[in-house]
Amino acid sequence: MAANDNSSVSISLNNIGSILHEEGKYLEALDFYKQSLKIATDINDNRVMLASSQSISEIYAILGNYEAAYKYHLQYSSVNDILLNEEKTKAIAEMSAKYDIDKKQKEIELLNKEKEKQEAVTNLIISLSWFFGFLNRFQIDLEHEMLKRYPYKCPFCLDLPCTC
(Lines give C-alpha, C1' and ligand atoms only; values in the text may rest on other atoms or scores of the structure.)
Protein backbone atom coordinates (compact mmCIF):
# COMPACT_ATOMS: atom_id res chain seq x y z
CA MET A 1 0.00 0.00 0.00
CA ALA A 2 1.16 3.53 -0.69
CA ALA A 3 1.81 6.00 2.13
CA ASN A 4 -1.33 7.99 1.21
CA ASP A 5 -3.43 4.81 1.38
CA ASN A 6 -1.96 3.94 4.77
CA SER A 7 -2.61 7.48 5.97
CA SER A 8 -6.24 7.22 4.86
CA VAL A 9 -6.63 3.85 6.58
CA SER A 10 -5.08 5.22 9.76
CA ILE A 11 -7.40 8.24 9.75
CA SER A 12 -10.42 6.00 9.08
CA LEU A 13 -9.52 3.66 11.93
CA ASN A 14 -9.11 6.66 14.25
CA ASN A 15 -12.52 7.99 13.16
CA ILE A 16 -14.19 4.65 13.81
CA GLY A 17 -12.52 4.60 17.24
CA SER A 18 -13.90 8.10 17.92
CA ILE A 19 -17.44 6.98 17.09
CA LEU A 20 -17.17 3.92 19.34
CA HIS A 21 -15.59 6.09 22.06
CA GLU A 22 -18.58 8.47 21.94
CA GLU A 23 -20.94 5.51 22.14
CA GLY A 24 -19.18 4.29 25.29
CA LYS A 25 -17.77 1.15 23.64
CA TYR A 26 -14.32 1.76 25.10
CA LEU A 27 -12.68 -1.62 24.50
CA GLU A 28 -13.73 -1.69 20.85
CA ALA A 29 -12.65 1.94 20.42
CA LEU A 30 -9.32 1.12 22.06
CA ASP A 31 -8.70 -1.63 19.48
CA PHE A 32 -9.34 0.77 16.55
CA TYR A 33 -7.24 3.52 18.11
CA LYS A 34 -4.32 1.11 18.60
CA GLN A 35 -4.53 -0.06 14.99
CA SER A 36 -4.62 3.56 13.84
CA LEU A 37 -1.64 4.42 16.07
CA LYS A 38 0.41 1.50 14.73
CA ILE A 39 -0.15 2.47 11.09
CA ALA A 40 0.43 6.17 11.84
CA THR A 41 3.68 5.27 13.62
CA ASP A 42 4.81 3.08 10.71
CA ILE A 43 4.29 5.90 8.20
CA ASN A 44 5.35 8.63 10.65
CA ASP A 45 2.04 10.52 10.46
CA ASN A 46 2.41 12.71 13.53
CA ARG A 47 -1.08 14.24 13.37
CA VAL A 48 -2.83 10.86 13.54
CA MET A 49 -0.31 9.62 16.13
CA LEU A 50 -1.21 12.64 18.25
CA ALA A 51 -4.97 12.05 18.03
CA SER A 52 -4.75 8.28 18.56
CA SER A 53 -2.36 8.40 21.52
CA GLN A 54 -4.47 11.08 23.22
CA SER A 55 -7.65 9.04 22.74
CA ILE A 56 -6.00 5.84 23.97
CA SER A 57 -4.77 7.71 27.07
CA GLU A 58 -8.31 9.00 27.73
CA ILE A 59 -9.85 5.52 27.42
CA TYR A 60 -7.27 3.93 29.73
CA ALA A 61 -7.98 6.69 32.27
CA ILE A 62 -11.73 6.00 31.99
CA LEU A 63 -11.09 2.28 32.46
CA GLY A 64 -8.92 2.97 35.51
CA ASN A 65 -5.65 1.75 33.98
CA TYR A 66 -3.68 4.87 34.95
CA GLU A 67 -0.29 3.40 34.21
CA ALA A 68 -1.22 2.75 30.56
CA ALA A 69 -3.02 6.13 30.42
CA TYR A 70 0.17 7.84 31.59
CA LYS A 71 2.29 5.89 29.07
CA TYR A 72 0.11 7.01 26.14
CA HIS A 73 -0.14 10.52 27.52
CA LEU A 74 3.67 10.70 27.48
CA GLN A 75 3.60 9.53 23.86
CA TYR A 76 0.98 12.18 23.10
CA SER A 77 3.13 14.85 24.77
CA SER A 78 6.21 13.75 22.84
CA VAL A 79 4.43 13.86 19.47
CA ASN A 80 2.81 17.19 20.38
CA ASP A 81 6.27 18.64 21.12
CA ILE A 82 7.52 17.38 17.75
CA LEU A 83 4.60 19.03 15.96
CA LEU A 84 5.07 22.31 17.81
CA ASN A 85 8.79 22.30 16.98
CA GLU A 86 8.00 21.62 13.32
CA GLU A 87 5.53 24.51 13.28
CA LYS A 88 8.01 26.85 14.95
CA THR A 89 10.77 25.79 12.57
CA LYS A 90 8.46 26.36 9.61
CA ALA A 91 7.42 29.79 10.93
CA ILE A 92 11.06 30.77 11.47
CA ALA A 93 11.97 29.59 7.98
CA GLU A 94 9.09 31.60 6.48
CA MET A 95 10.08 34.73 8.42
CA SER A 96 13.71 34.26 7.38
CA ALA A 97 12.73 33.85 3.74
CA LYS A 98 10.54 36.96 3.93
CA TYR A 99 13.40 38.92 5.51
CA ASP A 100 15.78 37.74 2.79
CA ILE A 101 13.31 38.71 0.07
CA ASP A 102 12.78 42.15 1.62
CA LYS A 103 16.53 42.64 1.99
CA LYS A 104 17.17 41.67 -1.63
CA GLN A 105 14.33 43.92 -2.80
CA LYS A 106 15.90 46.88 -1.00
CA GLU A 107 19.28 46.03 -2.51
CA ILE A 108 17.68 45.99 -5.95
CA GLU A 109 16.03 49.36 -5.30
CA LEU A 110 19.37 50.85 -4.18
CA LEU A 111 21.13 49.45 -7.23
CA ASN A 112 18.41 50.84 -9.49
CA LYS A 113 18.75 54.29 -7.89
CA GLU A 114 22.52 54.14 -8.32
CA LYS A 115 22.06 53.10 -11.95
CA GLU A 116 19.68 56.02 -12.52
CA LYS A 117 22.24 58.42 -11.03
CA GLN A 118 24.97 57.01 -13.27
CA GLU A 119 22.71 57.32 -16.31
CA ALA A 120 21.90 60.94 -15.40
CA VAL A 121 25.61 61.77 -15.05
CA THR A 122 26.36 60.03 -18.34
CA ASN A 123 23.54 61.94 -20.08
CA LEU A 124 24.81 65.23 -18.61
CA ILE A 125 28.34 64.51 -19.83
CA ILE A 126 27.05 63.63 -23.29
CA SER A 127 24.89 66.77 -23.40
CA LEU A 128 27.75 69.01 -22.32
CA SER A 129 30.05 67.34 -24.84
CA TRP A 130 27.54 68.04 -27.61
CA PHE A 131 27.06 71.61 -26.39
CA PHE A 132 30.77 72.40 -26.24
CA GLY A 133 31.35 70.58 -29.51
CA PHE A 134 28.66 72.76 -31.10
CA LEU A 135 30.29 75.91 -29.66
CA ASN A 136 33.70 74.81 -30.93
CA ARG A 137 32.41 73.78 -34.36
CA PHE A 138 30.79 77.14 -34.97
CA GLN A 139 33.59 79.01 -33.20
CA ILE A 140 31.31 80.58 -30.62
CA ASP A 141 33.05 82.23 -27.67
CA LEU A 142 30.70 81.65 -24.75
CA GLU A 143 32.30 84.36 -22.58
CA HIS A 144 32.04 86.91 -25.38
CA GLU A 145 28.39 85.97 -26.04
CA MET A 146 27.54 86.32 -22.35
CA LEU A 147 29.12 89.78 -22.26
CA LYS A 148 27.12 90.77 -25.35
CA ARG A 149 23.85 89.58 -23.84
CA TYR A 150 24.51 90.85 -20.30
CA PRO A 151 26.97 93.73 -20.83
CA TYR A 152 27.22 94.95 -17.24
CA LYS A 153 27.11 91.61 -15.44
CA CYS A 154 29.90 89.22 -14.62
CA PRO A 155 29.88 86.38 -17.24
CA PHE A 156 30.54 83.80 -14.51
CA CYS A 157 28.23 84.70 -11.61
CA LEU A 158 25.86 87.06 -13.49
CA ASP A 159 25.92 89.51 -10.57
CA LEU A 160 26.43 93.24 -10.66
CA PRO A 161 28.89 93.94 -9.13
CA CYS A 162 30.78 90.69 -9.50
CA THR A 163 30.79 88.40 -6.44
CA CYS A 164 33.20 85.77 -7.76
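User: In which kind of crossing, left-handed or right-handed, does helix 3 pass helix 4?
Analyst: This is a predicted model, in which local features need pLDDT of at least 70 and side-chain atom pairs count only at pLDDT 80 or more, while totals for chains, interfaces and linings use all residues. Residues are numbered from 1 along each chain as its sequence is written, and side-chain values use heavy atoms, with hydrogens and water left out. Helices (H or I, at least four residues) and strands (E, at least two) are DSSP runs numbered from the N terminus, and a crossing is left-handed if the near helix is turned anticlockwise from the far one by less than a right angle, and right-handed if clockwise. The crossing in which helix 3 passes helix 4 is left-handed.

User: Are helix 3 and helix 4 roughly parallel or roughly antiparallel to each other?
Analyst: Their axes come within 8 Å and cross at roughly 155 degrees; axes are lines fitted to C-alpha atoms, for helices over the stretch in contact, and angles run from 0 to 180 degrees between N-to-C directions. Angles under 35 degrees count as roughly parallel, over 145 as roughly antiparallel, 65 to 115 as roughly perpendicular and the rest as oblique. Helix 3 and helix 4 are therefore roughly antiparallel.

User: By class, how many charged residues does the contact of helix 3 with helix 4 have?
Analyst: Contact means heavy atoms within 4.5 Å. Ala, Val, Leu, Ile, Met, Phe, Trp, Tyr, Cys and Pro count as nonpolar, Asp, Glu, Lys and Arg as charged, and the others, Gly among them, as polar. The contact of helix 3 with helix 4 has 13 nonpolar and 7 polar residues, and its charged residues number 3.

User: By class, how many nonpolar residues are in the contact of helix 2 with helix 3?
Analyst: The crossing of these two helices is left-handed. Among the residues that make the contact are Leu30, Tyr33 and Leu37 of helix 2 and Val48, Ile56 and Ile59 of helix 3. Besides 5 polar and 1 charged residues, the contact of helix 2 with helix 3 has nonpolar residues numbering 14.

User: Is Ser36 buried or exposed?
Analyst: Ser36 belongs to helix 2. Not counting residues up to four places away in sequence, Ser36 touches Ser10, Leu13, Asn14, Val48 and Ser52. Buried means under 20% relative accessible area, exposed over 50%, and partly exposed in between (1.4 Å probe, protein chains only). With a relative accessibility of 0%, Ser36 counts as buried.

User: Are the rings of Tyr60 and Tyr72 stacked or tilted?
Analyst: A search of the whole structure finds 3 aromatic pairs, where rings of Phe, Tyr and Trp (its six-membered ring) pair if their centres lie within 6.5 Å, and planes under 30 degrees apart count as stacked, over 60 as edge-to-face and the rest as tilted. The centres of the Tyr60 and Tyr72 rings are 5.8 Å apart and their planes lie at 25 degrees, so the pair is stacked.

User: In which helix does Tyr72 lie?
Analyst: Tyr60 and Tyr72 are both buried. Tyr60 lies in helix 3, so the pair ties together parts that are 12 residues apart in sequence, and Tyr72 lies in helix 4.

User: At what angle are the ring planes of Phe134 and Phe138?
Analyst: Phe134 is partly exposed, with a relative accessible area of 46%, and Phe138, at 53%, counts as exposed. Their ring centres are 4.8 Å apart, and the pair is tilted because the planes lie at 55 degrees.

User: What is the phi of Gln139?
Analyst: Gln139 is found in the loop between helix 4 and helix 5, and at 75% relative accessibility it counts as exposed. Although it is not a glycine, Gln139 has a positive phi of about 50 degrees.

User: How far apart in space are Asn136 and Leu20, C-alpha to C-alpha?
Analyst: Asn136 is found in helix 4 and counts as exposed at 61% relative accessibility. Asn136 and Leu20 are 116 residues apart in sequence, and their C-alpha separation in space is 101 Å.
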